[in-house]
Amino acid sequence: MSTIEISKDYIVTGAEYSSLGSQMKWKQDGYWYKADMLGFESLAEAVVSHLLKRSNIGEFAVYEPVTISYDGQQYRGCRSLEFKKENEELISLERLAKSYTSFGLAQMLERITDVEERILYTVELVENLTGLDDFGVYLTSLLELDTFFLNVGRHTGNIMLLYDTIQKEYRFAPVFDMAQALFSDTKNVCPPEKGMVECYHAVTARPFSGNFDEQLKTANELYGKHLKFDFSANEMINSVRDVLNGMQNGRAYHGAEKRRIGEIIRFQAKKYQYMFKK
């Protein structure tokens, strides 16, 4: 794991490129860097992006674990290349809704009790405001990823679109920021002493339902099933094991953290076998 020295001039605040508004992040030399604040967020990012290489997801950020040296301190973290084109900016669904209404999307969804109606409202709003087609398919793919990897960070401020400020056009953002997947929050939600079953009961989905499977089933019924991996479930399990075993120790990740990821992937791969090549 390489060590990257970050200049104090590059500190970035706010939630861009991260579902964790308080997570320290920097942009330097064409890369975005994020530091682990709650557990093994960067390891989760690296594993997910590694597996997306064997999926039908067209665009996604590739994360590399690094040690970040900043202001005399060292942090476990990760980096990914900047994917915005010149003149583009990231627009969250929350920001998009607030630009055209007096309230945000999250507030509106709270007023709608039915999961299907929440999803339909969101898709209609986005397509009407942006001119994008097939947002329902794009959204469903995100929810499939979140369900498989148990990502709890998909709130309305973390579903992003890219907006070209010159052409005045929107496009779908690559998949990025899976930092809260795979029970990575060991500080609050899934501490080491908590078992797998307890962690499953502790995590909740977003933003349309607190239940991952309810949210996914509804989206699939509306827009179809889309996520596919081009290898078998067993091949995925072996691939994750090889990646985890290949990571260095030192200030990298502990054996217990790697084992937890392996256990989750093994369970999810068997549960959602329809997502894999036969």
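Q: Where is Lys168 found?
A: Start with the terms: helices (H or I, at least four residues) and strands (E, at least two) are DSSP runs, numbered from the N terminus. Lys168 sits in the loop between strand 8 (160-164) and strand 9 (169-172). One caution: this is a predicted model, where local features need pLDDT of at least 70 and side-chain atom pairs count only at pLDDT 80 or more, while totals for chains, interfaces and linings use all residues. Residues are numbered from 1 along each chain as its sequence is written, and side-chain values use heavy atoms, leaving out hydrogens and water.

Q: What is the phi of Lys168, and is Lys168 buried or exposed?
A: Phi is positive, about 60°, although Lys168 is not a glycine. For burial, look at relative accessible area: buried means under 20%, exposed over 50%, partly exposed in between (1.4 Å probe, protein chains only). Lys168 has 56% relative accessibility, so it counts as exposed.

Q: Which loop holds Leu182, and is Leu182 buried or exposed?
A: Leu182 lies in the loop between strand 9 and helix 6. Its phi is positive, about 60°, and Leu182 is not a glycine. Leu182 has a relative accessible area of 0%, so it is buried.

Q: How far is Leu182 from Lys85?
A: Their C-alpha atoms are separated by 30 Å. Along the chain they are 97 residues apart. Lys85 is in the loop between strand 6 (73-81) and strand 7 (88-92). With a relative accessible area of 54%, Lys85 is exposed.

Q: Is the peptide bond from Arg206 to Pro207 cis or trans?
A: Read omega. For this bond omega is near -5°, and the bond is cis. Pro207 belongs to the loop between helix 6 (196-202) and helix 7 (212-223).

Q: How many disulfides does the structure have?
A: A disulfide is a covalent bond between the sulfur atoms of two cysteines. The search counts a pair of cysteine sulfur atoms within 2.5 Å. Over the whole structure it finds zero.

Q: What is Glu5 in contact with?
A: Contact means heavy atoms within 4.5 Å. Leaving aside neighbours within four places in sequence, Glu5 is in contact with Gln28 and Ser69. Glu5 lies in strand 1 (residues 3-6). At 56% relative accessibility, it is exposed. Now look across the model: Glu5 and Ala219 are 43 Å apart in space, C-alpha to C-alpha, and 214 residues apart in sequence.

Q: Where is Asn220 placed, and is it buried or exposed?
A: Asn220 is in helix 7. At 11% relative accessibility, it counts as buried. Beyond its neighbours within four places in sequence, its contacts are Thr140, Glu144, Lys225 and Tyr274.

Q: Which helix holds Arg259, and how far is Arg259 from Ile112?
A: Arg259 is in helix 9 (residues 255-271). It counts as exposed, at 56% relative accessibility. Arg259 and Ile112 are 147 residues apart in sequence and 40 Å apart in space, C-alpha to C-alpha.

Q: How many helices and strands does the protein chain have, and how compact is it?
A: The chain has nine helices and nine strands. Its radius of gyration is 18 Å, close to the 19 Å that the globule rule gives for 278 residues, so the chain is as compact as a globular protein of that length. The radius is taken over C-alpha atoms, and the rule is 2.2 Å times the number of residues to the power 0.38. Along its principal axes the C-alpha trace spans about 50 × 45 × 30 Å.

Q: What percentage of the residues count as buried?
A: Of the 278 residues, 54% do. Sequence separation is another thing to read. Among contacts between residues at least 6 apart in sequence, 69% join residues at least 24 apart.

Q: How far apart are the mean positions of the positive and negative charges?
A: Lys and Arg count as positive, Asp and Glu as negative; His and the chain ends are not counted. Each charge is placed at NZ of Lys, CZ of Arg, CG of Asp or CD of Glu. The mean positions of the 33 positive and 39 negative charges are 5 Å apart.
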